[in-house]
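Subject: Structure handover

Hello,

Here is the structure I promised to pass on. Please open it and keep it beside this email as you read.

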Amino acid sequence: MKISWLSIVITLADGVAGYSGGALADAAAGKAMFTDVCAECHETADFEGEDAKEVGDSIRKIVAGQMKHKKALKLTDQQIADVAAFMVASGG
């Protein structure tokens, strides 16, 4: 019985540890958003291999007006996660 509970706890802990906005990101939706909003000035290859969370954090700072950017961005948290996931995957 203890092994069963231990297995459940480990499985739940793995699920919680793996959960993040990036884990639920939709790179396909991110591609569309990137094309519409970012592609004028950025190339996905510039972000290949970078951490999606760090890219997302930078985008959040731009949206909040805390980081300089060519133009103001208005994106939801989900859109930010999607775009960041697409960007670090080098656009597929």
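**What was found**

Of the 92 residues in the chain, 24% are buried. Keep in mind that this is a predicted model. The chain holds four helices and zero strands. Along the sequence, the pattern reads α-α-α-α. Now take the contacts in the chain with a separation of 6 or more: 77% of them join residues 24 or more positions apart.

**The α3 and α4 pair**

Two packed helices are described by the angle between their axes and the distance between the axes. Helix α3 covers residues 52-63, and helix α4 covers residues 77-88. They pack at an angle of about 135°, and their axes are 8 Å apart. An angle over 145 degrees would count as roughly antiparallel. α3 and α4 are therefore oblique to each other. The crossing of α3 past α4 is right-handed.

Which residues make the contact? From α3, they are A52, V55, G56, I59, R60 and V63. From α4, they are D77, I80, V83, A84, M87 and V88. Sorted by class, the contact has nine nonpolar, one polar and two charged residues.

**The core**

The largest nonpolar core has 15 residues. F34, V55, I59, L75, V83 and M87 have the most contacts inside it. Helices α2 (27-38), α3 and α4 each supply at least two residues of this core. α4 gives the most, with six residues.

Leaving out residues up to four places away in sequence, F34 touches A39, H42, E43, T44, V83, F86 and M87.

Best wishes

Definitions and conventions: Residues are numbered from 1 along each chain as its sequence is written. This is a predicted model: local features need pLDDT of at least 70, side-chain atom pairs count only at pLDDT 80 or more; totals for chains, interfaces and linings use all residues. Side-chain values use heavy atoms; hydrogens and water are left out. Axes are lines fitted to C-alpha atoms, for helices over the stretch in contact, and angles run from 0 to 180 degrees between N-to-C directions. Angles under 35 degrees count as roughly parallel, over 145 as roughly antiparallel, 65 to 115 as roughly perpendicular and the rest as oblique. A crossing is left-handed if the near helix is turned anticlockwise from the far one by less than a right angle, and right-handed if clockwise. Contact means heavy atoms within 4.5 Å. Ala, Val, Leu, Ile, Met, Phe, Trp, Tyr, Cys and Pro count as nonpolar, Asp, Glu, Lys and Arg as charged, and the others, Gly among them, as polar. A nonpolar core is a set of buried Ala, Val, Leu, Ile, Met, Phe, Trp, Tyr and Cys residues joined through side-chain atoms within 4.5 Å. Buried means under 20% relative accessible area, exposed over 50%, partly exposed in between (1.4 Å probe, protein chains only).
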